[in-house]
Number of protein chains: 4
Amino acid sequence: MSAEPSPRRGRGRRPAAEVRSEVLAAAGHLLLTEGIHAVTFERIARESGASKTTLYKWWPSSGALAAEAFFTRSEPQLEFPDTGDLRADLIAQLTSFVALLTDGGAGKLISELIGAAQTDPDLAEAWSRTYALPRRELARERLQAAQRSGQLGADADLDIIIDQLWGACYHRLLVLRTPLKDLDVERLVTCALRGAQ
Amino acid sequence: MSAEPSPRRGRGRRPAAEVRSEVLAAAGHLLLTEGIHAVTFERIARESGASKTTLYKWWPSSGALAAEAFFTRSEPQLEFPDTGDLRADLIAQLTSFVALLTDGGAGKLISELIGAAQTDPDLAEAWSRTYALPRRELARERLQAAQRSGQLGADADLDIIIDQLWGACYHRLLVLRTPLKDLDVERLVTCALRGAQ
Amino acid sequence: MSAEPSPRRGRGRRPAAEVRSEVLAAAGHLLLTEGIHAVTFERIARESGASKTTLYKWWPSSGALAAEAFFTRSEPQLEFPDTGDLRADLIAQLTSFVALLTDGGAGKLISELIGAAQTDPDLAEAWSRTYALPRRELARERLQAAQRSGQLGADADLDIIIDQLWGACYHRLLVLRTPLKDLDVERLVTCALRGAQ
Amino acid sequence: MSAEPSPRRGRGRRPAAEVRSEVLAAAGHLLLTEGIHAVTFERIARESGASKTTLYKWWPSSGALAAEAFFTRSEPQLEFPDTGDLRADLIAQLTSFVALLTDGGAGKLISELIGAAQTDPDLAEAWSRTYALPRRELARERLQAAQRSGQLGADADLDIIIDQLWGACYHRLLVLRTPLKDLDVERLVTCALRGAQ
DNA sequence: ATCTAATCGAGACGGTACGTCTCGTCTTATG
DNA sequence: CATAAGACGAGACGTACCGTCTCGATTAGAT
């Protein structure tokens, strides 16, 4: 009995789950080591042992595959803890987000993924559904809780707060391409909350 | 006096200016009608009459060519008028920016360009140098004038204001991909200025 | 049962045999009408409907492709009949060879192919294997039969006879580039046989 | 007064002779070190310091330039000494010819030149005029002298003798591409002279 | 000795082929 | 029948050379 899970048994059929995991592993490895331009159906097929036919059957575009590989690798933290102190919670969230983009080295990955999403509808859909929109929803729920507790005015525009906070980060990451570490997160949160009335 | 500027005299050399303008015209047309993925050296050469050699000599990447074609077509408005009323000026600027991204149809173009810039350093450089950084500088100057006139506190963080205002727009355009027309520009400006103290 | 062998069904795969025959037909046509310099992978792909990828997969160089197209077109006569009269057989062979080079119009083709073979190892190999060496072997066998029947001395150097006879033709064709029709084949054979002892 | 003949004085005009010799030197060097495919107008211009304009003005094709460079480098021995012994003289000539083609390393050069001549009329003309036809004429004169001295029959076909002797060598060099060192020159000459009556 | 006309270098230009890569579709053979 | 293997048409990549051309710098020959 072989310890090797996939002895590469030629042509025939293999369990779907096994194929999927090997495909995602190969795609993730390519994404991390060479960037999104290396994530092509061609190379993933070559390096995962799967056939192109299979890849085209399961993923609508190589970008969508890259996105799924990214989420499989680094399950993004989607919790938004509520310590009761809104300002502290926002600062904690944004600080860890900025840290992810800078220190974690995920900055390049995320900007490449968002960049590719601008011309790949399937990647865009996967990104919005799996990451961007859920994250905004969590933030919105935290802000709504703050409204209920009176830390935030009842008529504050929650979407504007979210756009201001995260948009400021993305602005530097994607548009200006200036270093994110210069961003003063505490002051940013202070301004946003003060402005929200 | 010859009315015909370019009688296409076969092989030899043509004036550089003439070639450049035809190349940029072809690239701009491709960019507008088919999107950035149609802007390849191959097609630009075919449709402009220029040779690939020439294109490679003058532009470092097809993305950089697309950027230059974009700026040549729609000379982006880089003025930032000062009427004395900061809030009105910011609203005017952001409103016309949002209108450009939505009604003008430039939204898709700009998001594709920024998207491609994430993996094309030459395009990124052209975009930052020609558009993003000058625009931020103009905004910063307007805010500094407001500080001098007392409409804005002397210790306000100008970069944060800019990141909040424009970042909010880009956040919806690039990351959330939600409709920009839902963005309440007046309220956004109000929040940002109030928050800046 | 479909009567139409090739309805050009777009992108996917086509039977290899069909592709091969169309490629060789296109290459042969180019070779005959425009010479060996027109036989490029680029043009063959364009005019046969095959893709360059396919051509590079099957043929090591455009010269090798040209050689195969040549042999497919004009299956060269490689028989060497034995009527019992060596002198008559050699004269018949050389006469038809010279006729092929002059009247047949194949002279230019063959000289171009041999010419290109001097810098294209793959073409050289194809030419030697398919044509030159088999032809020499047939001639050698005919001469050996003549040795057994006593028409040729047992210690005659067969390779020298062959080099003298065919070499004389190629000398005029390739090196001197003088008209081949001035060559007196009967006298050439007479001299060679008399000289061979 | 400078001892250096060509201090590369920028753009303007240079003495024709100086340019010519540098061009031929560069072409010869390319021909010897990289083969005839490296002899392009482009590279010769780059490496000789001459401009393409100048090259196109003086040489009809790159092949013709290669031929002239070849003849300039290795002034081919065109003498055909007459010691009074025809057989010895022919053996001497052919032996040195075969040695040139094999040991001298000129075999590859000469076969490449003759090969290129099959599709380059200018190279063919230069080759015939400068080398092939004069050489044949010298051989013919030597054979005529042999006829006068009675060593060769008066009605021998001199062209056939020449075609047989040199053609045998070229046959192996160009057509069969088999090693020339296996050729028994003495026996070849014996056969040719005996056959010539 | 001065001017003028020819000639050179440098290299841009449109064209074409190279050999490689990825794409998305398709066929075949294996299990 | 789902899979692996991979052939196929399409077309972009970046490079090399072709032959034609403009341009400015230089020199040689005529004044």
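Reader: Hi! How do chain A and chain B meet, through which surface?

Author: Hello! In this predicted model, 100% of the interface residues of chain B are also interface residues in chain A, so the copies meet through the same surface.

Reader: Nice. What rotation superposes chain B on chain A?

Author: A rotation of 180 degrees, with 0.0 Å of shift along its axis, superposes chain B on chain A. The RMSD of that superposition is 0.1 Å.

Reader: How many residues does the contact take from chain C and from chain D?

Author: It takes 46 residues from chain C and 46 residues from chain D. The area buried between chain C and chain D is about 3700 Å². Carbon and sulfur atoms give 57% of that area.

Reader: What about charges? How many salt bridges are there across the interface of chain C and chain D?

Author: There are three salt bridges across the interface of chain C and chain D. Take the side chains of Arg172(D) and Asp163(C), for example: they meet in a salt bridge at 2.6 Å, N to O. Across this interface of chain C and chain D there are also 12 residue pairs in polar contact, with both residues at pLDDT 80 or more.

Reader: Which elements of chain C give two or more residues to the side that touches chain D?

Author: Those are helix H6 (106-117), helix H7 (121-148), helix H8 (158-176) and helix H9 (185-195) of chain C. H8(C) gives the most to the side of chain C that touches chain D, with 15 residues. The residues on that side of chain C divide into 22 nonpolar, 12 polar and 12 charged.

Reader: Let's look at one chain. How many helices and strands does chain A have?

Author: Chain A has nine helices and zero strands. Its C-alpha atoms fill a box of roughly 65 × 35 × 30 Å, taken along the principal axes.

Reader: How much of chain A counts as buried?

Author: Of the 197 residues of chain A, 51% count as buried. As for contacts in chain A with a separation of 6 or more, residues 24 or more positions apart account for 61% of them.

Reader: Can we zoom in on helix H9 of chain A? Which of its residues are buried?

Author: The buried residues of helix H9 (residues 185-195) of chain A are Val185(A), Leu188(A), Val189(A), Cys191(A), Ala192(A), Leu193(A) and Gly195(A).

Reader: And what covers the buried residues of H9(A)?

Author: The cover includes helix H5 (86-102) and helix H8 (158-176) of chain A, together with H8 and H9 of chain B.

Reader: What happens at the start of H9(A)?

Author: A side-chain oxygen of Asp184(A) reaches to within 3.3 Å of the backbone nitrogen of Glu186(A) there. After H9(A) comes Gln197(A), whose phi is positive, near 75 degrees.

Reader: Where is Arg177(B)?

Author: Arg177(B) sits in the loop between helix H8 (158-176) and helix H9 (185-196) of chain B. Arg177(B) counts as partly exposed because its relative accessibility is 38%.

Reader: What about Arg177(C), what is its phi?

Author: Arg177(C) has a positive phi of about 55 degrees too, although it is not a glycine. Its place is the loop between H8 and H9 of chain C, and Arg177(C) is partly exposed, with a relative accessible area of 37%.

Reader: Last one! What does the side chain of Glu137(A) make a polar contact with?

Author: With the side chain of Arg140(A), at 2.9 Å. Glu137(A) lies in helix H7 (residues 121-149) of chain A, and at 32% relative accessibility Glu137(A) counts as partly exposed.

Methods
Residues are numbered from 1 along each chain as its sequence is written. Chains are lettered from A and ligands numbered from 1 in the order in which they are written. This is a predicted model: local features need pLDDT of at least 70, side-chain atom pairs count only at pLDDT 80 or more; totals for chains, interfaces and linings use all residues. Side-chain values use heavy atoms; hydrogens and water are left out. Contact means heavy atoms within 4.5 Å. Buried area is the accessible area (1.4 Å probe) that two parts lose on being put together, summed over both. A salt bridge is a side-chain nitrogen of Lys or Arg within 4 Å of a carboxyl oxygen of Asp or Glu. A polar contact is a pair of N or O atoms within 3.5 Å; within protein, one must be able to donate a hydrogen and the other to accept it, and residues adjacent in sequence count only if both atoms are side-chain atoms. Helices (H or I, at least four residues) and strands (E, at least two) are DSSP runs, numbered from the N terminus. Ala, Val, Leu, Ile, Met, Phe, Trp, Tyr, Cys and Pro count as nonpolar, Asp, Glu, Lys and Arg as charged, and the others, Gly among them, as polar. Buried means under 20% relative accessible area, exposed over 50%, partly exposed in between (1.4 Å probe, protein chains only). Copies are superposed by least squares on the C-alpha atoms of residues with pLDDT of at least 70 in both.
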